[in-house]
Amino acid sequence: MTAPPTGRDSAPRTGRRRLTYFHGQLLSAQDLRQEQGQFLARLRLHNLALHGYGVAYGLWTRPVPPPDGECPDPERAAPWFEVTDGLAIDRHGDEVIVPCGVLPRHDLWQLLDEDERCRAREEIRSGRDGVTLYLTIHHCEEPVDSVRAVYTEACDGLPRTAYAHIREGFVLRATTRRPEPDSCDPPCPCEPPAEGAPKEHGCGDGRIFGPGLLLARVNHVHPDRALVPEQIRPEVRRPLSRRPATVITGISWPHGGRLTTQQARVLLGERGLRIRFSRPVRAATLQDPGIADLFQVTGGRGVHGTVMRLETRIDTREPDDETTDRITIRQTDIEYLNDGDRIHLVLRTPFVLDICGDPVDGTHTGGLVPQPGGPVAHRPGLLPPDGSGPRTSGTPAGAAGVFESWIFIDNHRPDAEADADAESEPADRTDNEADGGRTNDSETTEGRP
């Protein structure tokens with residue numbers, strides 16, 4: 001008689017079961033499938049519980065330029081793109097892998113389903129300069145290697161055929177629908193689907209798709225135009241983590257810039273220092289005294305180096321909002337600003353909690369948080385931590401560092417008057433307004449998101 005398995009005997013009846021092997025045991029195909037399914041379920045749970053979901057590395061989207069020459073291929077005058085190798089984990093815990101050297105190339109327009117293509121064409125005919133598309137990657141499985149069974153039941157006729165293997169891969173899709181914002185926590189892989197929701201999605205050829213991961217937003221897509229790098233915005237994708245840190249994605253002043261006294265008065269008092277976050281933060285955590293401070297460090301001739309704290313207040317869009325993704329810090333006193341002074345802002349973001357209850361990561365890495373509508377905040381050889389898109393605050397480790405920034409008062413600039421308006425752009429101005437209202441860019445709050 002085979003000895004009973006060792007271990008605790010208090011496991012609940014609803015717990016996971018696994019096979020125990022003994023000599024002479026008859027194993028069926030169903031037994032082996034259950035054993036394989038159990039380990040796959042454990043792997044998915046491990047991925048989501050310990051790592052979360054999102055893009056681990058790679059999977060960058062790049063345009064494929066049309067060929068040179070006087071007579072280019074008309075089929076290549078289309079929004080072709082390619083995706084580099086990389087690894088991601090989707091919301092079911094499945095691994096999505098693009099092997100090295102594959103570089104899948106696709107026509108972005110053809111990845112839309114027929115209904116969305118028709119609607120997009122109608123929008124273009126109505127005068128729009130292209131449409132905004134969202135590129136996603138999906139895990140898929142496909143049965144392969146059909147073989148004939150050696151053993152059949154007595155009542156069966158000819159030996160039947162079956163697929164011997166399942167090939168795992170990926171599928172790229174595009175949609176005009178804006179994706180839903182990510183929840184605070186990864187979903188449980190054991191949780192059943194919502195009532196009425198399909199358990200799996202097929203494309204008609206036997207392949208099964210998992211939930212998609214957003215790779216990029218592509219602006220101004222036209223079926224008869226090649227893509228350029230400026231159209232592809234990869235910063236909207238989610239990095240691999242349980243909870244991506246909330247960061248600062250836009251500010252309304254030039255960090256380290258030089259403003260005249262008049263410009264600084266308008267910026268600090270009338271317009272205010274406007275800050276945009278990647279996801280909503282809890283307004284109650286912004287009202288504690290000492291969350292934000294403005295310091296004036298005196299400079300210029302004579303006595304300088306004295307530090308004074310300016311009186312400030314933090315405003316949100318609506319006073320009664322429980323959460324907000326944009327704030328304005330205004331100077332409320334009438335302290336005079338002198339030539340040579342430095343204005344230093346400190347926002348203690350570790351004390352500011354986001355909608356998930358986590359602190360905001362405000363580390364102003366390199367001083368490159370972009371102004372809305374301005375150029376991409378890169379310096380040569382200095383890419384953001386995830387390698388793409390405009391910089392935000394924050395570090396790859398997600399440390400909740402304090403946000404600091406400063407400007408200088410300089411009344412001797414020859415171009416001071418010409419730059420008065422450009423240096424005080426409001427932070428709630430989106431790229432939509434910067435490019436003439438052609439593209440809704442408000443979804444970038446999900447990107448470094």
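The legends below describe close-up views of a predicted model. Local features need pLDDT of at least 70 and side-chain atom pairs count only at pLDDT 80 or more, while totals for chains, interfaces and linings use all residues. Residues are numbered from 1 along each chain as its sequence is written, and side-chain values use heavy atoms, with hydrogens and water left out.

**View 1. The disulfide between Cys184 and Cys356.** The sulfur atoms of Cys184 and Cys356 are 1.9 Å apart, and a disulfide is a pair of cysteine sulfur atoms within 2.5 Å. The count by this rule is 1 disulfide. It links distant parts of the chain, 172 residues apart: Cys184 is in the loop between strand 8 (161–175) and strand 9 (201–202), and Cys356 is in the loop between strand 20 (342–347) and strand 21 (403–409). Strands (E, at least two residues) are DSSP runs, numbered from the N terminus. The torsion about the S-S bond is about -90°, so the disulfide is left-handed. Cys184 is partly exposed at 23% relative accessible area, whereas Cys356 is buried at 12%. Buried means under 20% relative accessible area, exposed over 50%, and partly exposed in between (1.4 Å probe, protein chains only).

**View 2. Cys100 and Cys118.** Cys100 is exposed, with 73% relative accessibility. Cys118 is partly exposed, at 40%.

**View 3. The aromatic pair of Trp253 and Phe403.** The whole structure holds 1 aromatic pair. Rings of Phe, Tyr and Trp (its six-membered ring) pair if their centres lie within 6.5 Å; planes under 30 degrees apart count as stacked, over 60 as edge-to-face and the rest as tilted. Trp253 lies in the loop between strand 13 (248–251) and strand 14 (258–259) and Phe403 in strand 21, so the pair ties together parts 150 residues apart in sequence.

**View 4. Arginines over aromatic rings.** Arg237 lies over the face of Trp60, 3.7 Å from the ring centre. The charged end of Arg238 sits over the ring of Tyr53, at 3.8 Å from its centre. A charge sits over a ring if NZ of Lys or CZ of Arg is within 6 Å of the ring centre and within 35 degrees of the ring normal.

**View 5. Positive phi at Leu59 and Asp145.** Leu59, which is not glycine, has phi near 60°. Leu59 occupies the loop between strand 1 (54–58) and strand 2 (61–63) and is buried at 0% relative accessibility. Asp145 has phi near 60°, but is placed in strand 7 (residues 131–148) and is partly exposed at 45%.

Technical notes:
Helices (H or I, at least four residues) and strands (E, at least two) are DSSP runs, numbered from the N terminus.
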